[in-house]
Amino acid sequence: MGAFPLLALWQSLPSIPILLAAFVAISILYALVLAIYRVTLHPLARFPGPKLTAVTGWYECFLDFFAGPGETFAFAIERMHERYGSIVRINPHEIHVSDPDFFDTLYAGGSARRDKYPPAAHVQGTPEGIFGTVDHQTHRKRRAAISGYFSKQSILQDQGIVDEKIELLCDVFSKAKREGKELNIRVPLLALGTDVFCQHTLGPRGCMDLLKDWDRAATWRASIIALLHWTPVVRQFSWVMPFAVELPMWIIKAISQELALVVSIFRDLRIQAAAAIAEHDSLEGEQKVRANVFHTILSSNLEAHDKEVKRMAQEGFSILSASGDTIARSMTAAMYHLHANPPVLKRLKEELKQAMPNPYAHVDLATLEALPWLTAVLKESLRIAALITTRAPLQAPTEWMRYQEWAIPPNTPVSMTLSSMALDAKTWPEPMRFIPERWMEENSEYKRNMGYFVPFHRGHRNCIGINLAWCQMYLTLAKLIRRFDFELYDVVRERDIDNYRDCFLGEPRDDSLGVRMKVVAEEAR
Ligand code: HEM
């Protein structure tokens, strides 16, 4: 009985093709009205930029997926600035600025409130780590809980770890010399950055010991590359990484062995976080706070949900993925540019010989920090490496940010791109040339140049690993250059060094075999 009225209702409905046609017509009408609104009445409608990007964000997605490495949206933004000027509306919601003088307004510290734009925050798949935290206040609290762990004092306390790992790195190069083999130097440098980070932050139990296991180091390197190549996908679909992490391991392995290693590291961090919770009450004194970063979090006054396993593991992964390859890329750039510029290398060797008469003896970080040429070489390497190619959008929830005659409404995502700033010909004469003199204090432009030196960002969201990064870079470059003579082995700058692909960090061309070097001499003990 009861089925008849339903049947009658079904029969009275329009046929499926008519329903479909109505749906398509309504969708087109909606898209049309939305497009007209976005270019006329939207609060950003007056800002310069292409109409297409003002109308739809899918253009970015299309370029990132289909346009090929050198043509993705990050490169399109540069072309938009050439055409429309230093402020551009790059999608319906977001403004991009290309002017170093605006940097401190956008990436402000102090009392300025800056939320991270969610699509940018979620690119790592760790929404609860400090990198992925959107809300300003939550970010401040989570960051304050661990910032002491990465303070200069804390890093100096652990200089022994850095020294020990650099010795292992030197062993890798000594062995390569004995065997007459060339090395893709980014692999051992990534192993160094990762091992130092892991031991400093997670304790000996968390150390991946990549410097002792060449196969694992090579797989980790491939994993990082695989992860970087997923960046355009994750940027558009933020659920991909959290979803992938929960899949059964056999499925992940079938998709990619490299991804499987990343996921196993992430799961291992959960185990370490759980172990820290279990043993925390039994620890005392310094150990309770510094045994590893999880104990630092557990000892902090963060709320209980911020001390749960899932969140702490995300924090660990968020810092881990920000650490190793940034160091490796910067050091690789330094090694390449030094050896492509023999007079710069010669001057550095002379300076180091004076400061480190015995290349095998311990050297204090402070001694190296006082060396002007080494410092200048490192700064120029960080500039020319132009490491971070993805824009960093922030939102000022209550403030109207002002740029020239433009007033940007509160809550608008506004971004700038570090790599474009680092290589901007208006700021840096001959930007693609390696000129450490830019960073010598006697240079009349030194003060101005330092004002635009922002490889670690500024403001509330700057790099928390800055002290660890400087410490490693000073000690590693000094030890390597003082102890060994290297030669570049079939390195082509356009293929192996310069940014060609935007994967958050810039990557060279796909046909690159890496920056390969041979060790031709080693100082006797
Ligand atoms: C040469 C080496 C490094 C460079 C050039 C560098 C650069 C940067 C930059 C530019 C940012 C801001 C990114 C953004 O907001 O989009 C950042 C953030 C970050 N870096 Fe580094 N970094 C380096 C090494 C490290 C190391 C060794 C660690 C590990 C301790 C680390 C951990 C982090 C973390 C956790 C963040 C997020 C901070 C936050 O959002 O509060 N970095 N880094």
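**Entry 1: the chain as a whole**

I began with secondary structure and counted 26 helices and twelve strands in the chain. I note here that the model is a predicted one. Next I looked at overall dimensions. Along the principal axes, the C-alpha atoms fill a box of roughly 95 × 55 × 45 Å. A compact globule of 525 residues would come out near 24 Å, and the chain has 26 Å, so the two agree.

I also looked up burial: 54% of the 525 residues count as buried. For contacts I took pairs of residues at least 6 apart in sequence, and 71% of these contacts join residues at least 24 apart.

I placed Cys463 in the loop between α24 (446–451) and α25. Cys463 is also listed among the residues that come nearest to the ligand.

**Entry 2: the shell around the ligand**

I went through the 27 residues around the ligand; His139, Arg143, Thr326, Ser330 and Cys463 come nearest. By class, I recorded 17 nonpolar, seven polar and three charged residues in this shell.

Which helices each supply at least two residues of the shell? They are α8 (136–147), α19 (309–340) and α25 (466–483). Of the elements, α19 gives the most, with five residues.

The side chain of His139 has an N or O atom 2.7 Å from an oxygen atom of the ligand. For Arg143, a side-chain N or O atom is 2.8 Å from an oxygen atom of the ligand. At Ala322 the backbone is involved: one of its N or O atoms lies 3.4 Å from a nitrogen atom of the ligand.

**Entry 3: His81**

I looked up His81 and found it in helix α5, residues 73–84. Is His81 buried or exposed? Its relative accessibility is 12%, and buried means under 20%, so I put His81 down as buried.

I then asked what surrounds this residue. The side chain of His81 makes a polar contact with the side chain of His96, at 2.7 Å. Leaving aside residues up to four places away in sequence, I found that His81 touches Ser86, Ile87, Val88, His96, Val97 and Ser98.

**Entry 4: two positive phi values**

I checked backbone angles last. Most residues other than glycine have a negative phi. Glu430 has a positive phi, near 50 degrees. I located Glu430 in the loop between α23 (418–422) and α24. Its relative accessible area is 46%, so I noted Glu430 as partly exposed.

His457 also has a positive phi, near 65 degrees. Where is His457 found? It sits in the loop between α24 and α25, and Cys463 lies in the loop between those helices too. With a relative accessible area of 18%, His457 is buried. I wrote the cut-off beside this entry because buried means under 20% relative accessible area.

Conventions
Residues are numbered from 1 along each chain as its sequence is written. This is a predicted model: local features need pLDDT of at least 70, side-chain atom pairs count only at pLDDT 80 or more; totals for chains, interfaces and linings use all residues. Side-chain values use heavy atoms; hydrogens and water are left out. A residue is near a molecule or strand if one of its heavy atoms lies within 4 Å of it. A polar contact is a pair of N or O atoms within 3.5 Å; within protein, one must be able to donate a hydrogen and the other to accept it, and residues adjacent in sequence count only if both atoms are side-chain atoms. Helices (H or I, at least four residues) and strands (E, at least two) are DSSP runs, numbered from the N terminus. Ala, Val, Leu, Ile, Met, Phe, Trp, Tyr, Cys and Pro count as nonpolar, Asp, Glu, Lys and Arg as charged, and the others, Gly among them, as polar. The radius of gyration is taken over C-alpha atoms; the globule rule is 2.2 Å times the number of residues to the power 0.38. Buried means under 20% relative accessible area, exposed over 50%, partly exposed in between (1.4 Å probe, protein chains only). Contact means heavy atoms within 4.5 Å.
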